[in-house]
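Reader: Please take me through the terms used for this model, one at a time. I would like each label set against its cut-off.

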Amino acid sequence: MKQYRHLIRPYLIWSLVLVVIPLFLIVFYAFTEEGNEVLTFSFTWKNFARFLEATYLNVILKSFWLGFITTAICLLLGYPLAYFISRFSEKAQDTLILLVTIPMWINMLLRTYAWMNLLSDNGIINQLLGRLNLGPVSMMYTDFSVLVGLVCNFMPFMIIPIHTSLCKMDKSLLEAAMDLGANRVQTFWKVTWKLSMPGVVNGVMMVFLLAVSSFVIPKLLGGGQYMLIGNLIESQFISVGDWNFGSAISMILAVIILISMRLMQKMDKLQQEE
Amino acid sequence: MKNKLIELRNLTKNFDDQQVLKGISLDIYENEFLTLLGPSGCGKTTTLRIIAGFEEPSDGQVLFNGIEISKVPPYKREVNTVFQKYALFPHLNVADNIAFGLNLKKVEKSVISQKVERMLKMVGLSGFENRDVTLLSGGQQQRVAIARALVNEPKVLLLDEPLGALDAKIRKQMQLELKKIQREVGITFVYVTHDQEEALSMSDAVVVMNNGEIQQIGTPTDIYNEPENRFVASFIGESNIIEGHMIRDYLVEFDDFQFECVDKGFEDNEEVEVVLRPEDLDIVEPEHAKITGVVRDITFKGVHYEIMIETEKRMYNVHTTDYAPVGKKIGLLFGPEDIHVMCKMGAY
Ligand SMILES: Nc1ncnc2c1ncn2[C@@H]1O[C@H](COP(=O)(O)OP(=O)(O)OP(=O)(O)O)[C@@H](O)[C@H]1O
Ligand SMILES: [Mg+2]
């Protein structure tokens, strides 16, 4: 194995160029003022201070709130589905998991456009509702439409890790629990749920991360006025052109996410030990 | 007279279109150490799983204290199982694994820790309360599994090849301990194994199974000394199995000679099979015996020699402490009580 080690070098160089340098640039921009030359930059906290304005705080609150709701819905719907899939024969499970991932093969933009079509005022759903004389319901450009988009896009990221941890579980443990007097409900909470925790934690972290930082879906399904932190960063870079502020927000987001993940892991540990 | 605890009545079980149990009828008594013994795939585990409630019989009845229970779910049965691969809960430590059943029954915490401690002491794991079960050795995991089942004070403990994954030395030691534990707690053990030595040394009663059918039920000595058919005779220990026929009660003919024996109850001239255990045969000078032959092979086995003797009709396997060189002509000597006559059965 050892003699192949140098093969990793090109990869290291690429990750340096593509990951580490941009990250470094973001930190650099976040702490400097707009407009200075690369060589005569001046250090500042201004970009971070600006973030404390109410408008921006509201944006981050809303983002986290939406991320939280999306994650909760994905968990509530995804866990039963993953559980259900894991009860099939191995062959059937492969097919079902494939079905779960199929939407991911299609470009996210296309999928989101499809949702726009379904949800719009004269879209398919409203036409059906109209037939039933329930009148058109305005669904586009609301929290609802954004949530639908987020949940549908990120559901596989919840289902797959949970399914994996359920599959890895030794089925004889369930029999052991029943043998010791646990009925089906007790067996689920005392064994299945506990042993699927690693998958749940993975799924929750992944979906939360994706949902909090998403900007395409809220933009398309929430409309131009819909501001999440991802949109805010995007607009700072693309339309406003304030790279320094944009970088600062990115850093703040990254730090908050890191902290929340640590908290998640801590809670998981505590639950395991209890 | 001991009380009948479990009665299996004509159990059958089909998986898909394969019949794996073909009418198992068996009585299990209180405080008994009963072993299901048979080759791989004969339906031992299936029988045990039906008693535990993990499988429903296709037909037949399971009676517990005289009450039909084949539709009662496992968690309502007064039976606990020690699984072959232990099936300890990896997310719980040793004490919590053992306390699992008691916690479900909402037993008081102080009582639980007392009982857990007593169990750990019995299986020789005192002080292991807070260990991670996934880091224990196979033998230790096995003890935890036994403690986890016994702490619930079941009427019956089911054990499915509990020692299968252990190496020979620990196996021997655990056999003795299991037997000791069974005497100590005084409950019924139903034990599954395909190791005949294990079955004979531990059990009060042995049930020999093959192909989903019971071949013989009896004490270890009965099973060894009085095998009822060719399968039992060849599965338990080594034996010479010879076709012959009963002339009349107490007289059997095989290899063209007539021998006195202790068996009766066969029809006159009935075709039978005769078992001669290798260790019951002695070698003597040819003129002192009816059956004579030539030594073809001799192997030293520690306590005894294993000698292959070719006679006019067949090869005999003899275990004896006497030595005879290859090529020597000798006679085979055995007494009436060494001859075991069995009903003839289909080809094996
Ligand atoms: N769930 C099942 N589905 C289909 N066939 C099964 C199932 N369980 C057992 N069998 C079959 O039933 C037969 C008996 O199996 P069983 O596990 O009872 O044997 P066993 O005596 O315990 O063997 P071993 O000593 O190898 O454990 C085998 O042929 C097995 O393939
Ligand atoms: Mg088995």
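Author: Buried means under 20% relative accessible area, exposed over 50% and partly exposed in between, with a 1.4 Å probe and protein chains only. The model is predicted, so local features need pLDDT of at least 70 and side-chain atom pairs 80 or more, while totals for chains, interfaces and linings use all residues. Residues are numbered from 1 along each chain, chains are lettered from A and ligands numbered from 1 in the order written, and side-chain values use heavy atoms, without hydrogens and water.

Reader: What makes both faces of strand E12 of chain B covered?

Author: In a regular strand the side chains alternate between the two faces of the sheet. In E12(B), residues 251-254, B:Leu251 and B:Glu253 lie on one side and B:Val252 and B:Phe254 on the other. All four are buried, so each is under the 20% limit and both faces count as covered.

Reader: Why are E11(B) and E12(B) called paired strands?

Author: A strand is a DSSP run of E with at least two residues, a helix a run of H or I with at least four, and both are numbered from the N terminus. Two strands pair if DSSP finds at least two bridges between them. E11(B), residues 240-248, and E12(B) have three bridges, so they pair, in the antiparallel sense. B:Arg248 stands opposite B:Leu251. The two strands form a hairpin with two residues between them, and B:Tyr250 in the turn has a positive phi of about 65 degrees.

Reader: What makes a residue part of the lining of the second largest pocket?

Author: On a 1 Å grid over the protein atoms alone, a pocket is an open set of points with protein on both sides within 12 Å along at least five of seven lines, and lining residues have an atom within 4 Å of a point. By that rule 17 residues line this pocket, with A:Phe68 and A:Met264 among those nearest its centre.

Reader: How do its lining residues divide by class?

Author: The division is 15 nonpolar, two polar and no charged. Ala, Val, Leu, Ile, Met, Phe, Trp, Tyr, Cys and Pro count as nonpolar, Asp, Glu, Lys and Arg as charged, and the others, Gly among them, as polar.

Definitions and conventions
1 Å grid on protein atoms, 1.4 Å probe; cavity = no way out; pocket = protein on both sides within 12 Å on 5 of 7 lines; lining within 4 Å.
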